[in-house]
Amino acid sequence: MILPQKLDKIKVPPLKIQGIKTKLVPFIAESIQWDGNGTYFEPFMGSGVVGFNIAPEKAIFSDTNPHIINFYKDIQSGKITSLMVREFLEQESIKLSATPEDKNSYYYTVRERFNKHHSSLDFLFLQRSNFNGMIRFNGKGEYNVPFGRKPERFKKALITKIVNQVAWIENLMIDKNWEFIQMSFIDAFLLMKQGDFVYLDPPYIDRYDGYYDNWNPEFAILLSELAQNGPSGYAFSMWYENQYRKNSHIEKWHKGKIITTKHYYHLGGKEKNRNAMIEALIISPENLNIEKFDQVEQLSFFNDFIEN
Ligand SMILES: C[S@@+](CC[C@H](N)C(=O)[O-])C[C@H]1O[C@@H](n2cnc3c(N)ncnc32)[C@H](O)[C@@H]1O
């Protein structure tokens, strides 16, 4: 049995992205029941924080963003190693700190180089020194996030932290049957079989539509149909309610069992700007960890969702 798991310490992967689910991983890992005999799918892998912490034996991680996929393929093949990451960041940090914070920053030299050659090391450098961890590409597929930090961004301690994050993934993969594939969620569903499990965390509707992140209501509906009529177990992450409204899209997932947890996020540093968002996890009925929620006998849609 790979799930449920009680995870106390969540590790963060090297490529952080906006909307990373670090805080929700314990909730997700405790709420699902799955024997782990089939393949674990994560077709919207993003940072990969959920699957990497669950660490199944056999997994297919995929995403439409080719740079995320190449980064992990390069670690898997040994094309990049944690040692190389250290050397690279040490060298590049010296160059970065010798340039100003503005448009003449060395950050933009790396950005231009990345847009020509797409090296995974450059991608890591950009992703860890850009504005707010955004991943954004223009209509031509060029990375266009501005520099958002200070020239002395890559201090020794940060370099060590990133190197350790790469080393964690490097070691984790050694004895695992993991594949990283650039593909849309639709293709990932074609690979799923009975006994598999899929964790789904698509982009939010109404959020920014980036080049590799072109999400829309039609995709959202298709996803709900593929998951609910597909052969594998599923868990789907979605916001349930914020201070203004409930998420009506959740109705499309009527076959699943819904559980929720409160999540706080800050707008600026002030306490009064602390907003609660209720996050939902919708799980295929046979994959809900009933033991954790044994106080509820009959779960049904909306009326008796469980607050964690
Ligand atoms: C909300 S993020 C996933 C975050 C991830 N769970 C984490 O914690 O880091 C959504 C991801 O879906 C990817 N994506 C967008 N459209 C997609 C599609 N049609 N098929 C597959 N992946 C897609 C984006 O590139 C992005 O990495």
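**Note on the predicted model: strands, cores and local features**

1. Overall make-up. Among contacts (heavy atoms within 4.5 Å) in the protein chain between residues at least 6 apart in sequence, 69% join residues at least 24 apart. This is a predicted model, in which local features need pLDDT of at least 70 and side-chain atom pairs count only at pLDDT 80 or more, while totals for chains, interfaces and linings use all residues. Residues are numbered from 1 along each chain as its sequence is written, and side-chain values use heavy atoms, with hydrogens and water left out. The protein chain holds nine helices and eight strands. Both are DSSP runs numbered from the N terminus: helices are H or I with at least four residues, strands E with at least two.

2. Surface and burial. Of the 308 residues in the protein chain, 51% are buried. Buried means under 20% relative accessible area, exposed means over 50%, and partly exposed lies in between (1.4 Å probe, protein chains only).

3. Strand β2. β2 covers residues 58-63; five of its six residues are buried, so the strand is largely enclosed by the rest of the structure. Strand β1 (residues 40-42) runs parallel to β2 and is joined to it by three bridges. Strands count as paired if DSSP finds at least two bridges between them. Glu42 has Phe61 in β2 as its bridge partner. Strand β3 (residues 177-182) also runs parallel to β2, with six bridges joining the two. There, Ser62 has Ile181 in β3 as its bridge partner.

4. The crossover. β1, helix α2 (residues 49-54) and β2 form a right-handed β-α-β unit. Right-handed means that, with the strands pointing away from the viewer, the path from the first strand over the helix to the second runs clockwise.

5. Largest nonpolar core. A nonpolar core is a set of buried Ala, Val, Leu, Ile, Met, Phe, Trp, Tyr and Cys residues joined through side-chain atoms within 4.5 Å. The largest has 64 residues, of which Tyr40, Phe52, Tyr72, Phe125 and Phe180 touch the most other members. Helix α7 (residues 156-173) gives the largest share of this core, nine residues. Domain 1 (22-64 + 183-307) and domain 2 (78-169) both contribute residues, so the core lies between them. The domain bounds come from an automatic or database domain assignment.

6. Tyr40 and the second core. Not counting residues up to four places away in sequence, Tyr40 touches residues including Trp34, Val50, Ile54, Phe61, Phe197 and Tyr199. A second, separate core has 27 residues, among them Phe189, Tyr204, Trp215 and Ile282.

7. Strand β5. β5 spans residues 233-241. Eight of its nine residues are buried, so β5 is largely enclosed by the rest of the structure. Strand β4 (residues 197-200) pairs with β5 in the parallel sense over four bridges. Tyr199 has Ala235 in β5 as its bridge partner.

8. Gly233. Gly233 sits in β5. Its relative accessibility is 7%, so Gly233 counts as buried. Gly233 and Tyr199 are 34 residues apart in sequence, with 8.7 Å between their C-alpha atoms. Leaving out residues up to four places away in sequence, Gly233 touches Asp196, Phe197, Val198, Ser284 and Asn287.

9. Backbone points to inspect. A cis peptide bond joins Leu3 and Pro4, with omega about 5°. Pro4 lies in the segment before α1 (25-31). His118 has a positive phi, near 55°, in a residue other than glycine. His118 is placed in the loop between α5 (106-117) and α6 (120-127). With a relative accessible area of 37%, His118 is partly exposed. Asn132 is not a glycine either, yet has a positive phi of about 60°. Asn132 is in the loop between α6 and α7.

10. Glu30. Glu30 lies in helix α1. At 19% relative accessible area, Glu30 is buried. Apart from neighbours within four places in sequence, Glu30 is in contact with Pro4, Gln5, Lys6, Asn289 and Lys292.
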